[in-house]
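Here is a short note to read beside the model. Please keep the sequence and the 3D view open as you go through the points.

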Amino acid sequence: MAFKKILSVTGADHSDQDVTIAARLCAEVGAHLSVLIMSPPLLTPLGAGIPEWSKHRAHDSAAMEQRSKQIERFSRDMANLEKTSREIQKLLRATWRCYDVDTEHCRKAGVGDAVRQRALCTDLTIIGPAFLKDTRLGPLVINGSLFDTGKPVLVVPEGAKAIMSPRRVLVGWDSRVQASRSVREALDLLAGAEEVRVALVDPEATCTGSGAEPGADIAAYLTRHGARVLVDRLPSAGKPVATVLAQHAIDTSANMIVMGAMAAAGCASVSLVA
């Protein structure tokens with residue numbers, strides 16, 4: 001499918017690296033860019049800890065001081081959000097004019113839902129290097145945009161050259177619905193690539209699932225959509241499937257990996273730049 005609206009999530013204390021990557025990719029395909037800026041999650045709800053006056057004045061005084069610090073931090077966070085929003089809008093005015101910018105300040109438990117609400121109405125969410133390194137917000141954002149929506153996610157690791165027109169693409173295939181969804185979401189990218197390699201790790205020939213010739217069915221499907229397909233059947237040699245696919249992507253000089261993602265909450269598709 002064509003990507004017409006793309007979501008980029010960044011943190012108020014991050015650099016503009018992720019947004020710059022997203023803006024460049026949107027310009028490449030002519031998509032609208034929606035930016036969501038999130039503040040670090042509060043460890044304690046702002047409305048919690050309001051003391052009741054008691055006989056223990058020292059305790060009450062300490063609680064009031066803690067409450068005051070919470071308010072001060074909230075004020076700083078909101079000011080930082082507004083500052084980051086102005087800086088990102090200035091950046092986008094100079095690079096890509098088809099955009100909107102929103103901010104969100106919420107507790108840790110609300111991060112995934114805040115991202116999910118935006119991701120549901122976009123074609124693709126881009127997760128850049130800054131969020132991949134953020135151990136507080138990163139996993140929550142990925143869960144909210146991927147596993148809670150069924151929408152694709154483009155993950156851009158540090159040092160990767162993110163492109164929306166990859167020349168060589170590796171497809172991780174295991175005949176599951178997650179892999180099928182990932183392929184369907186990436187059909188335009190796959191059809192436009194010079195080479196698509198469908199990789200199966202330890203496939204078994206069966207009457208169902210992978211078929212008598214593992215990979216032949218998905219190769220035929222992609223060929224009908226105009227993709228130039230090769231099938232690679234790889235032994236795991238006891239290594240995790242992700243490790244085998246990552247190494248094969250390096251060996252074949254793949255620009256992108258397209259694969260399914262699984263979680264207890266559901267399934268979705270993911271495109272991973274390598």
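1. Start with a term. A crossing of two helices is called left-handed if the near helix is turned anticlockwise from the far one by less than a right angle, and right-handed if clockwise. Helices (H or I, at least four residues) and strands (E, at least two) are DSSP runs, numbered from the N terminus. By that rule, α3 passes α5 in a right-handed crossing.

2. Some ground rules. The model is predicted, so local features need pLDDT of at least 70 and side-chain atom pairs count only at pLDDT 80 or more, while totals for chains, interfaces and linings use all residues. Residues are numbered from 1 along each chain as its sequence is written, and side-chain values use heavy atoms, with hydrogens and water left out.

3. The overall picture. The protein has nine helices and 10 strands. Of its 274 residues, 44% are buried. Buried means under 20% relative accessible area, exposed means over 50%, and partly exposed is in between (1.4 Å probe, protein chains only). Take the contacts between residues at least 6 apart in sequence: 77% of them join residues at least 24 apart. Contact means heavy atoms within 4.5 Å.

4. Back to the helix pair. Two packed helices are described by the angle between their axes and the distance between the axes. Helix α3 spans residues 108-119 and helix α5 spans residues 138-147. Their angle is about 40 degrees, and their axes are 7 Å apart. The axes are lines fitted to C-alpha atoms, for helices over the stretch in contact, and angles run from 0 to 180 degrees between N-to-C directions.

5. Which residues make the contact between α3 and α5? From α3 come K108, V111, G112, V115, R116 and A119. From α5 come L140, V141, G144 and S145. The contact residues divide into five nonpolar, three polar and two charged. Here Ala, Val, Leu, Ile, Met, Phe, Trp, Tyr, Cys and Pro count as nonpolar, Asp, Glu, Lys and Arg as charged, and the others, Gly among them, as polar.

6. Look at the loop between α5 and β5, where D148 lies. D148 counts as partly exposed, because its relative accessibility is 37%. D148 and Q117 are 31 residues apart in sequence, and their C-alpha atoms are 9.5 Å apart in space.

7. Now T10, in strand β1 (residues 5-11). Is T10 buried or exposed? T10 is buried, because its relative accessible area is 1%. Leaving out residues up to four places away in sequence, T10 touches S15, V19, V35, L36, I37, M38, I88 and F131. T10 and F131 are 121 residues apart in sequence but 6.8 Å apart in space, C-alpha to C-alpha.

8. Next, charge pairs. Side chains of opposite charge can pair when their charged atoms come close. A salt bridge is a side-chain nitrogen of Lys or Arg within 4 Å of a carboxyl oxygen of Asp or Glu. The count comes to 12 salt bridges. One of them joins R118 and D102, at 2.6 Å from N to O. R118 lies in helix α3 and D102 in strand β3 (residues 99-104), so the pair ties together parts that are 16 residues apart in sequence.

9. R118 also meets E104 in a salt bridge, at 3.1 Å from N to O. R118 in helix α3 and E104 in strand β3 are 14 residues apart. R118 is partly exposed at 22% relative accessibility, and E104 is partly exposed at 22%. D102 is partly exposed at 33%.

10. K133 forms a salt bridge with E158, with 3.4 Å between the closest N and O atoms. K133 lies in helix α4 (residues 129-133) and E158 in the loop between β5 (153-155) and β6 (168-172), so the pair ties together parts that are 25 residues apart in sequence. K133 is exposed, because its relative accessible area is 59%.

11. Last, the interior. A nonpolar core is a set of buried Ala, Val, Leu, Ile, Met, Phe, Trp, Tyr and Cys residues joined through side-chain atoms within 4.5 Å. The largest core has 42 residues, and L33, L190 and L222 touch the most other members. Helix α1 (residues 17-29) gives the largest share of this core, six residues. Another core, of 18 residues, lies apart from it and includes L36, I127, L137 and A261.
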